[in-house]
Amino acid sequence: MTDGPVPEYLKIRRYILTLVLRAEGRSVQLPTVSELMERFGVSRPTVCKVMTQLAEDGYIVARPRRGFFSNPDNDRMFLDITRKPVVVGVIDNDGMLSHYMSYQLERYGHLLLELAKIPRIAVHPCSLTSHDPEQVYRDILQESLDFLVWSAPRAEYFPIIERLRRKDGLPVIINHAWAGENQVCFDYHTVGREAVRLLLEAGCRKLIFLPSVSAQRPLEEGLREFWREAGRPWKDLIAFTGLSDSLTKLDAYFQAGKPADGIIFPYTCHDVLFERLARCKPDFRETLQFCMPEAKGSGVRGFTYHQPLDKVAARVGEVVRAALAGENIEDVRHVIPLELEPIQ
């Protein structure tokens, strides 16, 4: 039994409800208490608590000496199902988010709305219990899915995704920044190249990129590629590593009186960046130019780009439909272009 944000009680409940959903209104025998104890590594009282509550809710029925069965008289799960449902699991990020900020909420919301347009789909939000890849693998298998859509998985999970695809035959549709590892993504590599080109043309000579983390690898590769082609000295391109401490490093850099005239910041939380700059470089609005997403009306100079999350969701929907139609989706790639424009 692992510690995590999803109690074993809820994991077992979700698993049984998925089996009930698949029963399509028929009376189907469910796993025994002993089988559930072994599958989830929990005690008998935990399993009995789940099954008792599901019986009280009317989803299952207990038959003496025979075990538990799905309840064919419970119509709560079948009002809009005319054919066998397809269970599509959805994971966002590391599967353990307790709160969704605006960007994550918009991404997740568009995805759910797109999936809702597909007939026969039963969306199953998945919650993981650990960052350990083996536990992640087990958590996903226990969900009993037909398909999995994973937005922005951690880099260490890509071998697990391949294992799910190759060994277990689970179609996994990925929406991530790394174009080489997934089906749907924005063209951040070109954004990196264009950001450097435009800032250099605007007169910038010393640029700061933050944060330099694995999730922003395509963008960083693009900007470094153009910087090299432009023949610029590497000492004039500064990358602050670390998602949590890059702003602290930026603060220390300007507090030490070191120069820079451009910042590339690939996140939408501009207010956090501006608050820090207001303390360490009060004249930043006059002396710095920026490249940031969704920065119109921010009151700074530079360039911005819009990230159409609805288009990402629509493309994911296309891949799901293709998979449902029996098409091979392993080699499907959708790279969505982004256009930079002046901040106004």
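This is a predicted model: local features need pLDDT of at least 70, side-chain atom pairs count only at pLDDT 80 or more; totals for chains, interfaces and linings use all residues.

Colleague: OK, so is Phe-284 buried or exposed?

Modeller: Phe-284 has a relative accessible area of 4%, so it is buried. Phe-290 is buried too, with a value of 0%.

Colleague: How do the rings of Phe-284 and Phe-290 sit relative to each other?

Modeller: Their centres are 6.3 Å apart and the planes make an angle of 85 degrees, so the pair is edge-to-face.

Colleague: How many aromatic pairs are there in the whole structure?

Modeller: A search of the whole structure turns up ten. One of them joins Phe-186 and Tyr-188, with 5.8 Å from centre to centre and 80 degrees between the planes, which is edge-to-face. Phe-186 has 5% relative accessibility, so it counts as buried, and Tyr-188 at 10% counts as buried as well.

Colleague: Which residues do ring pairs link into a cluster?

Modeller: Phe-240, Tyr-253 and Phe-254.

Colleague: And where does a charge sit over a ring?

Modeller: Look at Arg-63: its charged end is over the ring of Phe-69, 4.4 Å from the ring centre. Arg-285 does something like that with Phe-274, lying over the face of that ring at 5.2 Å from the centre.

Colleague: Switching to salt bridges. How many does the structure hold?

Modeller: There are 23 salt bridges. In general, side chains of opposite charge can pair when their charged atoms come close.

Colleague: Can you walk me through one? Say, what does Arg-107 pair with?

Modeller: Its partner is Asp-92, at 2.9 Å from N to O. Arg-107 is in helix α4, residues 102-115, while Asp-92 is in strand β3, residues 86-92, so this pair links distant parts of the chain, 15 residues apart. Both Arg-107 and Asp-92 are buried.

Colleague: What about Arg-321, which residue does that one meet?

Modeller: Arg-321 meets Glu-114 in a salt bridge, at 3.8 Å from N to O. Here the partners are 207 residues apart in the chain, with Arg-321 in helix α12 (residues 309-324) and Glu-114 in helix α4.

Colleague: Are Arg-321 and Glu-114 buried or partly exposed?

Modeller: One of each. Arg-321 has a relative accessible area of 33%, so it is partly exposed, whereas Glu-114 is at 10% and therefore counts as buried.

Colleague: Which helices does the pair of Arg-193 and Glu-229 link?

Modeller: Arg-193 is in helix α7 (residues 188-201) and Glu-229 is in helix α8 (residues 217-229), 36 residues apart. The closest N and O atoms of this salt bridge are 3.0 Å apart. There is also a network of salt bridges that links Glu-8, Lys-11 and Asp-139.

Colleague: What is the phi of Ser-144?

Modeller: Ser-144 has a positive phi of about 55 degrees, although it is not a glycine. You'll find Ser-144 in the loop between α5 and β5. Its relative accessibility is 22%, so Ser-144 counts as partly exposed.

Colleague: And where is Glu-294 found?

Modeller: Glu-294 is in the loop between β11 and β12. Its phi is positive as well, near 50 degrees, in a residue other than glycine. With 33% relative accessibility, Glu-294 counts as partly exposed.

Colleague: Great, thanks. I'll go and find these in the viewer.

Terms used: Residues are numbered from 1 along each chain as its sequence is written. Side-chain values use heavy atoms; hydrogens and water are left out. A salt bridge is a side-chain nitrogen of Lys or Arg within 4 Å of a carboxyl oxygen of Asp or Glu. Helices (H or I, at least four residues) and strands (E, at least two) are DSSP runs, numbered from the N terminus. Buried means under 20% relative accessible area, exposed over 50%, partly exposed in between (1.4 Å probe, protein chains only). Rings of Phe, Tyr and Trp (its six-membered ring) pair if their centres lie within 6.5 Å; planes under 30 degrees apart count as stacked, over 60 as edge-to-face and the rest as tilted. A charge sits over a ring if NZ of Lys or CZ of Arg is within 6 Å of the ring centre and within 35 degrees of the ring normal.
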